[in-house]
Amino acid sequence: MRHSSTTRRDSLYLGGVIATGLAIGSCFPAATNAQAALDPITKPIPSTGERLPVIGLGTNQYSVTAPEDMARLQQVLEEMIAQGGSVVDTARVYGRAEEVIGDLVQKIGKRDRFFIATKTSIRGDISSPEAEIQAAFDRLKVDKLDLLLIHNLHALDQLMPAFIRAKEQGRIRYIGMSTSVDSQYAEQMEGMKRYPLDVIQVDYSIANRGAADEILPLAQERKMAVMVNMPFGGRGNAGNVTFGRVAGKGLPDWAKQIDATSWAQLFLKYAVSHPAVTVAIPGTTQVRHLIDNQGAGKGRLPDAALRREMERYWDTL
Ligand SMILES: NC(=O)c1ccc[n+]([C@@H]2O[C@H](COP(=O)([O-])OP(=O)(O)OC[C@H]3O[C@@H](n4cnc5c(N)ncnc54)[C@H](OP(=O)(O)O)[C@@H]3O)[C@@H](O)[C@H]2O)c1
């Protein structure tokens with residue numbers, strides 16, 4: 001997997017290609033074509049230095065069986081790697097999602113292009129940590145997992161020793177834990193201090209910045225990568241928390257400074273420009289949204305001053 005950081009040359013090139021795209025027209029918006037021509041922005045996982053494209057894919061709506069649904073989701077996954085993305089986040093509790101990802105990645109046949117993250121169960125007792133881990137391999141049909149996370153801190157102390165052993169055996173490349181609720185932040189931070197985690201996952205968006213108070217700084221201090229879930233404020237709330245709040249509004253002028261051509265790209269660029277954040281995993285089942293979201297991982301990101309302006313703008317909406 002080769003990815004490079006965005007350069008000034010790329011940013012200037014983007015402007016030129018946008019103009020060309022507008023002139024010739026195409027099946028996708030011109031800016032999307034322009035963005036597709038750029039290398040994805042990448043950030044390192046601190047524990048190894050391995051770089052990941054900053055925009056991935058969330059799959060909590062991937063529990064499907066119908067052939068037409070499978071075909072549509074295959075297109076989304078294929079387009080993600082075509083756009084230079086790699087990170088796919090799934091979980092045991094997303095119905096059939098792990099099996100669907102496993103089947104589709106096998107069908108696509110480019111396992112090394114995908115960075116697959118999944119999570120252990122949050123339902124019931126964990127009687128055998130080893131069996132719990134094995135279930136992820138079986139459902140995803142992989143020999144090696146890129147990242148295994150403990151879901152919502154469930155059975156953390158019971159599972160973590162087995163996670164560490166599986167990593168030492170080379171079966172899992174990275175280990176971590178995830179949450180998406182503020183009420184678990186204190187416990188999440190305790191776990192971050194107790195265990196040698198490579199990655200944490202936490203909810204963070206322009207509409208929900210609580211993780212920036214303590215968890216994100218702690219991740220920087222402990223040299224842990226951060227995967228951001230719900231970068232649009234969550235599927236259930238997407239209509240009112242982020243997209244709902246800007247419905248009918250044009251993009252602010254400063255969107256051009258960071259090559260953002262949609263609200264989704266502004267929200268994602270905000271999330272991944274936090275210095276602690278490694279990758280965001282916006283959930284989508286639609287190719288056009290996937291392309292839009294991957295576009296956020298190209299071109300420029302806001303600096304600290306523009307991030308503050310984005311926050312001020314958001315808070316006065
Ligand atoms: N505890 C945890 O560890 C935890 C909790 C929650 C979520 N997660 C992970 O985080 C991922 C993301 O969370 P989420 O999916 O709930 O919330 P989200 O990413 O904040 O929002 C998803 C919503 O945004 C829409 N959307 C996506 N791209 C768009 C675009 N370019 N333009 C307009 N709308 C767009 C989606 O609709 P369409 O499908 O129509 O595109 C969906 O309604 C999940 O899939 C899951 O992998 C983890």
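Q: Which residues are the closest to the ligand, and how many surround it?
A: Keeping in mind that this is a predicted model, we can begin with the ligand, which is surrounded by 30 residues, the closest being G58, N229, F232, A264 and G283.

Q: Which element gives the largest share of the shell around the ligand?
A: That share comes from helix 12, which contributes three residues.

Q: How do helix 3 and helix 12 cross?
A: The axes of helix 3 (residues 67–82) and helix 12 (residues 287–295) come within 9 Å and cross at roughly 20 degrees. Angles under 35 degrees count as roughly parallel, and therefore helix 3 is roughly parallel to helix 12. The crossing is right-handed, and the contact is made by Q75, V76, E79 and M80 of helix 3 together with V287, L290, I291 and Q294 of helix 12. Among these contact residues, five are nonpolar, two polar and one charged.

Q: What is the order of the strands in the open sheet?
A: In general, strands of a sheet pair through backbone hydrogen bonds, either parallel or antiparallel. Here eight strands with parallel pairing form an open sheet in the order 3-4-5-6-7-8-9-10. Strand 3 (57–58) and strand 10 (279–280) stand at the edges, and because each has a single partner strand, one side of each is left without a neighbour in the sheet.

Q: Which residue of strand 10 is the bridge partner of V228?
A: The partner is A280, and strand 10 pairs with strand 9 (residues 225–229) in the parallel sense over two bridges.

Notes: Residues numbered from 1 in each chain as written. Predicted model: local features only at pLDDT ≥ 70, side-chain atom pairs only at ≥ 80, totals over all residues. Axes fitted to C-alpha atoms, helices over the stretch in contact; angles between N-to-C directions. Helix = DSSP H or I, 4+ residues; strand = E, 2+ residues; numbered from the N terminus. Parallel < 35°, antiparallel > 145°, perpendicular 65-115°, else oblique. Left-handed = near helix turned anticlockwise from the far one by under 90°. Contact = placed C-beta atoms within 7 Å. Nonpolar A, V, L, I, M, F, W, Y, C, P; charged D, E, K, R; others polar. Near = placed C-beta within 6 Å. Pairing = 2+ DSSP bridges.
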